[in-house]
Amino acid sequence: YLKISKLALAFAIIHSKPPGKSCKEYTEHLAKTVSERDFGWKSKVEVLEAEVLRLRQELLLIKICPRFCLENDASAETLLDQECINPMSYSSQLEDSGCDVSNDYAFDSLGIASDFHQSEHVDTSKCWLERVPPFNLCCTSKEESLTAPVQFLQHLLEIRKLSEGGILQADFTELENDSFTVFNSVSQLLDGLTIFYNSPKFPVSNFLTEAVCVLISLITDTKLSNHVLKKCFKKLEEFKKNLIQIILRNSNVNRFQALHAVSHTLVLLGRNNILRNSLISFLLSEVRQFAEQLLQAHQIQAMYDITQYENIFLLCMILEQLLQNETEESNISSSDYDGEEKIKFLKNLDQIILHLSDEFPLFSLYLWRVSVLLNSAQIQ
């Protein structure tokens, strides 16, 4: 049947071919016409799906807090005034000094200090409304796909804050009844951030900075995080893996500012107790695999990936920071993390460090520092 269909199509093309065109040219023209029609339909479907999701988001917000849509603007403005928001000072953090092409302050607005150690005691769930100005919808075309999910999740956080302050009454059990809306909203946000981190543009716009703020606040909020993690855990795990691969694979000459931004986001994600252990496992796995590959290349005097070697230090620093955080927060040894990857990482690590220490002293030092954090209980 398929052969007969193809033969019939070929005869139809030959008979309908206009003069002056070859069969190949006419076939390519027809294929292009059909594909453009398909693309048009796909675009229309995407627009309609986005509108359906937006309406579902509005409906869910109304179910959670019927009064929110009527009082949202006034209540939010009142609360923001109480918190002494200054949008001008916020935006001024993103301005370039003119002395450097980089703009590291863009990601300081996530509610963290530049120094990781100083940022440990910052509660992002409490200072979210204090740091983020009223939502600005003036975003670029690439950011438009993030508008709906960010706005929806931001409204959830506003309701949470207002209900906590006694301004509104909210029923967050409704989140359990509409897992589709929550999952799709978080998925769109994570996919959009992944696209940005793959090809970032600096200075970072206020919109993308707010998007990261919303994500971090959402998973650190004690009341909302359980609902979100229950439905979106796998998607968040995939997001973390993607960020790690972005760090490892990026070979751009001026990549370190972008990778620094990704590192900040991973550290913030690692503050969540549920996400931390799996993130530590992913990092340990990548560092261990690279160390083994580097040792093998060193022993046979083969070439190794210099880009990965330069980028692996960021993973080591993130890993060290997460392990230190675990120690400081729990006041116990960071070896409280006792996963399978820890056992694999520590196995034969002394031999790896011994063989690499002369040729790669800095990398060996980082491996040793991570091993000390993992083994601190035994040392004590």
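What percentage of the 380 residues in the protein chain is made up of buried residues? Buried residues come to 46% of them. Bear in mind that this is a predicted model. My notes follow.

1. Overall make-up. The protein chain has 17 helices and zero strands. If you take the contacts in the chain with a separation of 6 or more, residues 24 or more positions apart account for 78% of them.

2. Two helices side by side. Have a look at helix H9 (residues 206-220) and helix H11 (residues 256-269): they pack at an angle of about 15 degrees, and their axes are 10 Å apart. Because angles under 35 degrees count as roughly parallel, H9 is roughly parallel to H11. The crossing of these two, H9 and H11, is right-handed. On the H9 side the contact is made by Val212, Leu215, Ile216 and Ile219, and on the H11 side by Thr265, Leu268 and Leu269.

3. Helix H2 (residues 23-64) and helix H8 (residues 179-198) have axes that come within 10 Å and cross at roughly 120 degrees. H2 and H8 are therefore oblique to each other. Their crossing, that of H2 and H8, is left-handed. If you want to display the contact, pick Leu53, Arg56, Gln57 and Leu60 in H2, which meet Phe180, Thr181, Val182, Asn184, Ser185 and Gln188 in H8.

4. Aromatic pairs. The count of aromatic pairs comes to ten. One of them joins phenylalanine 290 and phenylalanine 363: the ring centres are 5.7 Å apart and the planes sit at 85 degrees, so this pair is edge-to-face. The cut-off behind that label is a plane angle over 60 degrees. Phenylalanine 290 belongs to helix H12 (residues 273-299) and phenylalanine 363 to helix H16 (residues 361-374), so the pair ties together parts that are 73 residues apart in sequence. How accessible are the two partners? Phenylalanine 290 has a relative accessible area of 5% and is buried, and phenylalanine 363 is buried too, at 0%.

5. A tyrosine pair. Tyrosine 304 and tyrosine 309 have ring centres 5.9 Å apart and planes at 70 degrees, so they also make an edge-to-face pair.

6. The cluster. The residues from the last two points turn up together: Phe290, Tyr304, Tyr309 and Phe363 belong to one aromatic cluster, along with Phe313, Phe360 and Tyr366.

7. Cysteines. How many disulfides does a search of the whole structure find? It finds zero.

8. Backbone angles. Most residues other than glycine have a negative phi. Glutamine 301 is placed in the loop between H12 and helix H13 (306-330), and it counts as exposed at 66% relative accessibility. Asparagine 348 also has a positive phi, near 60 degrees, and it too is a residue other than glycine. You'll find asparagine 348 in the loop between helix H14 (340-346) and helix H15 (349-356). With 52% relative accessibility, asparagine 348 counts as exposed; the cut-off there is over 50%.

9. One more residue in H14. Where is glutamate 340 placed? It is in helix H14, and at 56% relative accessibility glutamate 340 counts as exposed. From glutamate 340 to serine 285 it is 55 residues in sequence and 9.8 Å in space, C-alpha to C-alpha.

Terms used
Residues are numbered from 1 along each chain as its sequence is written. This is a predicted model: local features need pLDDT of at least 70, side-chain atom pairs count only at pLDDT 80 or more; totals for chains, interfaces and linings use all residues. Side-chain values use heavy atoms; hydrogens and water are left out. Rings of Phe, Tyr and Trp (its six-membered ring) pair if their centres lie within 6.5 Å; planes under 30 degrees apart count as stacked, over 60 as edge-to-face and the rest as tilted. Helices (H or I, at least four residues) and strands (E, at least two) are DSSP runs, numbered from the N terminus. Buried means under 20% relative accessible area, exposed over 50%, partly exposed in between (1.4 Å probe, protein chains only). A disulfide is a pair of cysteine sulfur atoms within 2.5 Å. Axes are lines fitted to C-alpha atoms, for helices over the stretch in contact, and angles run from 0 to 180 degrees between N-to-C directions. Angles under 35 degrees count as roughly parallel, over 145 as roughly antiparallel, 65 to 115 as roughly perpendicular and the rest as oblique. A crossing is left-handed if the near helix is turned anticlockwise from the far one by less than a right angle, and right-handed if clockwise. Contact means heavy atoms within 4.5 Å.
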